[in-house]
Amino acid sequence: MLLQEAEKTDKILEKALEGERISKEEALLLYEEGDFLKIQFVARALREKVLSHKYASYTMFRVVNYTNYCNVECSFCSFMDEIGSGKGYVLSKEDIVEKMEFAAKENADQMFLQGGVYPDLKFDYYLDVLSAVKSRFPAMHIRAFSPVEIINMERLTGLSLREVLLRLKEAGLDSVPGAGAEILTERMRNIISPKKASVSEWTRAMETCHEVGLLGSANVVFGSEETKEEVIEHLNVIRESQDRTHGFLSFIPWTFQPQTKRFKIRMVPTHEYLKVLGICRIFLDNIPHIETSVMVLGKGVGQLALYSGADDVSSVVIEENVLRSFGLKSEEEATRFLAGAGFTPKRRDLLYNYDKYPDYIPTGKETSYMNLGAS
Ligand code: SF4
């Protein structure tokens, strides 16, 4: 790296360390030319302001994919079945409650409900599912429906988006995942999923959720044909949206995983993933929590991410159908994993409340759990 560029990136990092906001151009320069270790150092220092380095957090939820019928046809998706193919499924509210019975026995108190976009399902189906889960498990937190699903409900009902969300909330919806964002530039959306919500539809849906009190998360998924500029542009869309509504509690950088032959992925090197994660921590100065996804990236990368700006490992996932899973499958596995990485595990809910869970008590099995690099 040229000395001149190094001086520039050092200045950007100093500015971030002092709590000053960095620009899009500066973030891009960090991605292109920034020193990996210096970025990790600054990201770690900024993480400390949110959660002491002594701790790393996790939560316990069950994923329920209520249907795999979908008309959006994202090129990377191996989960969907074409509507009318007769090969897919729709879960009844009874099936869903039964799945949650199992999850509750496994100590999960959070639910993540998501599915394909299936216009044949009536709006009452969604309301009934939410009410059925809430009446069986009143304390279960329900996070559900990505922007593309919510927009489908808006079209289906002819109601305003706000009214749709208020009715879902009344039925039991507690928060929303900012899912389906992938890369928020129109060029990439046309390549990956032309039928999915556009950038403006995605932000309209998320901001309306925040306005009615449905908070949640956002993510970026990279490792396809996107440019570095587009990754930073995506972060900027999220940061500007957050400035308006303050509804994103956390941000999760992921990489695309091989799922279909139709979709060409670029295997992102670990150091690049960790560098982007560090830049997320630095650039997204208005989002408190940065999560790493152990489920997608594996345990080795997950542990390193906790030293690169992340304060959370996303979750213990009881079920996941959409993605290949390396995830943490039980609370014991999560606490051993975090303690083995040198942290005191801290359980949280999907709104980042820590206080309702007791402090972790060491079991003595922590240190020999895994070696670096194992997935
Ligand atoms: S990722 Fe979601 S929206 Fe896209 S095709 Fe799969 S199920 Fe449908």
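**Figure 1. The end of helix α14.** Helix α14 is followed by G342, whose phi is positive, near 100°. Everything in these views comes from a predicted model. The helix itself spans residues 331-340, and its buried residues are E333, A334, T335, F337, L338 and A339. An α-helix has 3.6 residues a turn, so residues three or four places apart point the same way. Look around the buried residues of α14 and you will find, among the elements covering them, the strands β1 (55-58), β8 (316-317) and β9 (344-347). Helices α12 (294-297) and α13 (299-305) are also included in that cover.

**Figure 2. The shell around the ligand.** Which residues are around the ligand? They are C70, V72, E73, C74, F76, C77, F79, M80, G116 and K196. Sorted by class, this shell has 7 nonpolar residues, together with 1 polar and 2 charged ones.

Figure 3. The model has 14 aromatic pairs by the ring-pair rule. One of them joins Y125 and Y126 edge-to-face, with 5.5 Å centre to centre and 85° between the planes. Y125 counts as buried because its relative accessibility is 15%, under the 20% cut-off. Y126 is buried as well, at 2% relative accessibility. Y126 also pairs with F145, again edge-to-face, at 5.6 Å centre to centre and with 90° between the planes. Taken together, ring pairs link Y66, Y125, Y126 and F145 into a cluster.

**Figure 4. Lysines over tyrosine rings.** Two views here show a lysine and a tyrosine face. In one, K228 lies over the face of Y31, at 5.2 Å from the ring centre. In the other, K346 lies over the face of Y55, and here the value is 4.5 Å from the ring centre.

Figure 5. How many disulfides does the structure hold? The count is 0. Take C209 as an example: the closest cysteine sulfur, in C70, is 18 Å from the sulfur of C209, which is too far for a bond because a disulfide needs the two sulfur atoms within 2.5 Å. C209 is buried, at 0% relative accessibility. Another cysteine to look for is C280, which is buried with a relative accessible area of 0%.

Figure 6. Most residues other than glycine have a negative phi. With that in mind, look again at F145, which is not a glycine and yet has a positive phi of about 70°. F145 is found in the loop between β4 and α6. E182, also a residue other than glycine, has a positive phi near 45°. You will find E182 in the loop between α7 (161-171) and α8 (186-192). Is E182 buried or exposed? E182 counts as buried because its relative accessibility of 8% falls under the 20% cut-off.

Conventions:
Residues are numbered from 1 along each chain as its sequence is written. This is a predicted model: local features need pLDDT of at least 70, side-chain atom pairs count only at pLDDT 80 or more; totals for chains, interfaces and linings use all residues. Side-chain values use heavy atoms; hydrogens and water are left out. A residue is near a molecule or strand if one of its heavy atoms lies within 4 Å of it. Ala, Val, Leu, Ile, Met, Phe, Trp, Tyr, Cys and Pro count as nonpolar, Asp, Glu, Lys and Arg as charged, and the others, Gly among them, as polar. Buried means under 20% relative accessible area, exposed over 50%, partly exposed in between (1.4 Å probe, protein chains only). Helices (H or I, at least four residues) and strands (E, at least two) are DSSP runs, numbered from the N terminus. Contact means heavy atoms within 4.5 Å. Rings of Phe, Tyr and Trp (its six-membered ring) pair if their centres lie within 6.5 Å; planes under 30 degrees apart count as stacked, over 60 as edge-to-face and the rest as tilted. A charge sits over a ring if NZ of Lys or CZ of Arg is within 6 Å of the ring centre and within 35 degrees of the ring normal.
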